[in-house]
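Let us take a slow walk through a protein model together. Keep the sequence and the picture side by side as you read.

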Amino acid sequence: YSYDALLYSDHAVRMTKFARACMQKVAKITKKLEVQLGPGTGDLTMRFGLHSGPVTAGVLRGEKSRFQLFGDTVNTASRME
């Protein structure tokens, strides 16, 4: 394997900390939105599923271009969220 996860023995811990920080930031943003826009507007949430392994990446074109990851690793992480 040549992916960067092997360079860091603590890659799982790093990603978990990143996910937690993202969730905390989203919680702060939704509180701010609810204060500014009124009750019932703070229903924004974020979920994470983490799994490590090989993936294929690409940009999908359409009405809105978006970056997408594909592969069994992504499918497993999706089920874990």
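Predicted model: local features only at pLDDT ≥ 70, side-chain atom pairs only at ≥ 80, totals over all residues.

Where is the place of Gly42? Gly42 sits in the loop between α1 and β1. Residues are numbered from 1 along each chain as its sequence is written, and side-chain values use heavy atoms, with hydrogens and water left out.

How confident is the predictor? The score to know is pLDDT, the predictor's confidence in each residue, from 0 to 100. The protein chain has an average pLDDT of 81, and 91% of the residues score at least 70. Confidence is highest in helix α1 (residues 11–37), with a mean of 89, and lowest in helix α2 (residues 72–80), with a mean of 81. The names of these elements follow a rule: helices (H or I, at least four residues) and strands (E, at least two) are DSSP runs, numbered from the N terminus.

Now back to Gly42. Gly42 is partly exposed because its relative accessible area is 21%; buried means under 20%, exposed means over 50%, and partly exposed is in between (1.4 Å probe, protein chains only). Gly42 touches Thr30 and Glu34, not counting residues up to four places away in sequence; a contact means heavy atoms within 4.5 Å. Between Gly42 and Lys32 there are 8.1 Å in space, C-alpha to C-alpha, and the two are 10 residues apart in sequence.

Thr30 has a relative accessible area of 8%, so Thr30 is buried. Leaving aside neighbours within four places in sequence, Thr30 is in contact with Leu44 as well as Gly42.

With a relative accessible area of 34%, Leu50 is partly exposed. Which residues is Leu50 in contact with, leaving aside its neighbours within four places in sequence? They are Met15, Thr16, Ala77 and Met80. Leu33, by contrast, is 28 Å from Leu50 in space, C-alpha to C-alpha, although the two are 17 residues apart in sequence.

Next, look at Thr73 in helix α2. Is Thr73 buried or exposed? Thr73 counts as buried, because its relative accessibility is 10%. Not counting residues up to four places away in sequence, Thr73 touches His51, Ser52, Gly53, Pro54 and Val55. A polar atom of the Thr73 side chain lies 2.9 Å from the backbone oxygen of Pro54.

Val55, one of the residues touched by Thr73, is found in the loop between α1 and β1 (56–60). At 41% relative accessibility, Val55 counts as partly exposed. Together with Val59, Phe67 and Leu69, Val55 makes a nonpolar surface patch of about 380 Å². Patches are made of residues with over 30% relative accessible area and no salt bridge, with like charges joined within 9 Å and nonpolar side chains (Val, Leu, Ile, Met, Phe, Trp, Tyr) within 5 Å.

Our last stop is a charged pair. The structure holds one salt bridge, meaning a side-chain nitrogen of Lys or Arg within 4 Å of a carboxyl oxygen of Asp or Glu. Here the side chains of Asp10 and Arg14 meet, at 3.0 Å from N to O. Asp10 is partly exposed at 33% relative accessibility, and Arg14 is partly exposed at 44%.

How values were computed: Polar contact = N/O pair within 3.5 Å; in protein donor to acceptor, adjacent residues only side chain to side chain. Areas by Shrake-Rupley, 256 points an atom, 1.4 Å probe, with all protein chains shown as cover.
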